[in-house]
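Hi everyone, thanks for coming. Let me put the structure up, and then we can walk through a few parts of it together.

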Amino acid sequence: MHPFTLERPSDLAAAFAFRAQAGRNDASTEYIAGGTDMVQLLQEYVRRPDRIVSLAGLLDSSIESGPQGLRIGAAATMADVAANRTVTEQFPLISEALLNSASPQVRNQATMGGNILQRTRCPYFRDIGYSACNKRQPGSGCAAMGGETRWHALLGTSETCIAAHPSDLAVALVALDASVNVRSATGQRTVPLVEFHRLPGDTPHIETVLEPGEIIAAILVPANSMRRHSHYLKVRDRASFEFAVVSAAVGLDLDGGRIREARIALGGVGTKPWRVPKVEAALRGASLEPLALRQAASLAAEDAQPRGHNEFKVELMQRAIVRAIEIAGART
Ligand SMILES: Cc1cc2nc3c(=O)[nH]c(=O)nc-3n(C[C@H](O)[C@H](O)[C@H](O)COP(=O)(O)OP(=O)(O)OC[C@H]3O[C@@H](n4cnc5c(N)ncnc54)[C@H](O)[C@@H]3O)c2cc1C
Ligand code: SF4
């Protein structure tokens, strides 16, 4: 591990001040929350900050709901949110996505803010034995191209990076039209989560729209009419403690046997949490018949660009959409 200084500021202003000293050189001073992703990356020399600023005790961890929807403080743990009664009753998609993530031990420690900002599980990014990784070292190339691509994305990729986005929670939140409240030394702003993560383009090392030093303070989820008929379907190599090969977050507003409105986002296939508006539009007014669902789901594959080992995901993601809708639609 590269040696670093751990700062434990007593308030957010002090945390911002530490971070401001680094200027735009993000990598020299980094925040840490639960540490479940950060510590792994430090141990593997993937991240080498000189200073780490702890956010412990500085951010809100409350979970509040009202007529407008849900507000979750960024410091709330995955476990607390998954078990919260308002969340399980009003926003079950969030709870399901969280309970399908990681392990109880990790969920007890990991925060909601850190979850959204966790780094990709691309094995070439996480192993410095591979020198070519544009995300870790801009301009160095991409070891995944021409390598093993089973875990990689087919939507939103670029010639410089095909890494899949890892967060299950973010996929569910994107389906629910959630936003993040972002704070800095100079103020705050709200960013729709669907716009929060960036496509890799030519700069895969810049993963979000956060400005240097900005933090996520809270997650905001608008009230919606889809809580009864929702489902988070995760396909993975083993039943727990595993990231998604493909996942589908589905929320339905039903009128009898017909879909009034659908919200669908995919995980494991996109370089960011992937909303599929074409599929949603095709489902508007559709029945829950398998053929209608299959036709709509096929639109998700229109822009897919598989590479070698991840070709199977083109079919799998369509089946995941159909199955998740069937399960959501059958819920009473
Ligand atoms: C074995 C294992 C299995 C896992 N399986 C899954 C899985 O199946 N699905 C899944 O979605 N995730 C999975 N995870 C990832 C896990 O959910 C994340 O590691 C965790 O959510 C990160 O939260 P944290 O608080 O520990 O973040 P940290 O590790 O402390 O930080 C992560 C990043 O976020 C930044 N950060 C943290 N909080 C803030 C904030 N409020 N504002 C600005 N920046 C911030 C840090 O600077 C850092 O860059 C797994 C992790 C492990 C270790
Ligand atoms: S896919 Fe992205 S993260 Fe993985 S090796 Fe290539 S550049 Fe690095």
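H5 and H8 cross in a right-handed way, meaning that the near helix is turned clockwise from the far one by less than a right angle. Before going further, this is a predicted model, where local features need pLDDT of at least 70, side-chain atom pairs count only at pLDDT 80 or more, and totals for chains, interfaces and linings use all residues. Residues are numbered from 1 along each chain as its sequence is written, chains are lettered from A and ligands numbered from 1 in the order in which they are written, and side-chain values use heavy atoms, with hydrogens and water left out.

Back to our pair: H5 covers residues 92-99 and H8 covers residues 168-175, with axes 8 Å apart at an angle of about 165 degrees. Helices here are DSSP runs of H or I, at least four residues, numbered from the N terminus. Axes are lines fitted to C-alpha atoms over the stretch in contact, and angles run from 0 to 180 degrees between N-to-C directions. So H5 is roughly antiparallel to H8, the term for angles over 145 degrees.

Which residues meet there? Leu93, Ile94, Ala97 and Leu98 from H5 meet Asp168, Leu169, Ala172, Leu173 and Ala175 from H8, where contact means heavy atoms within 4.5 Å. By class, that is 8 nonpolar, no polar and 1 charged residues; Ala, Val, Leu, Ile, Met, Phe, Trp, Tyr, Cys and Pro count as nonpolar, Asp, Glu, Lys and Arg as charged, and the others, Gly among them, as polar.

Asp168 also turns up at ligand 1: of the 33 residues around the ligand, Tyr31, Gly35, Thr36, Thr111 and Asp168 come nearest, counting residues with a heavy atom within 4 Å. A backbone N or O atom of Ala102 sits 3.0 Å from a ligand 1 oxygen atom. In the side chain of Asn115, an N or O atom is 3.2 Å from an oxygen atom of ligand 1.

Finally, H11 (residues 290-298) and H12 (residues 312-330) have axes that come within 9 Å and cross at roughly 135 degrees. Therefore H11 is oblique to H12. Their crossing is right-handed.

Definitions and conventions. Helix = DSSP H or I, 4+ residues; strand = E, 2+ residues; numbered from the N terminus. Parallel < 35°, antiparallel > 145°, perpendicular 65-115°, else oblique. Polar contact = N/O pair within 3.5 Å; in protein donor to acceptor, adjacent residues only side chain to side chain.
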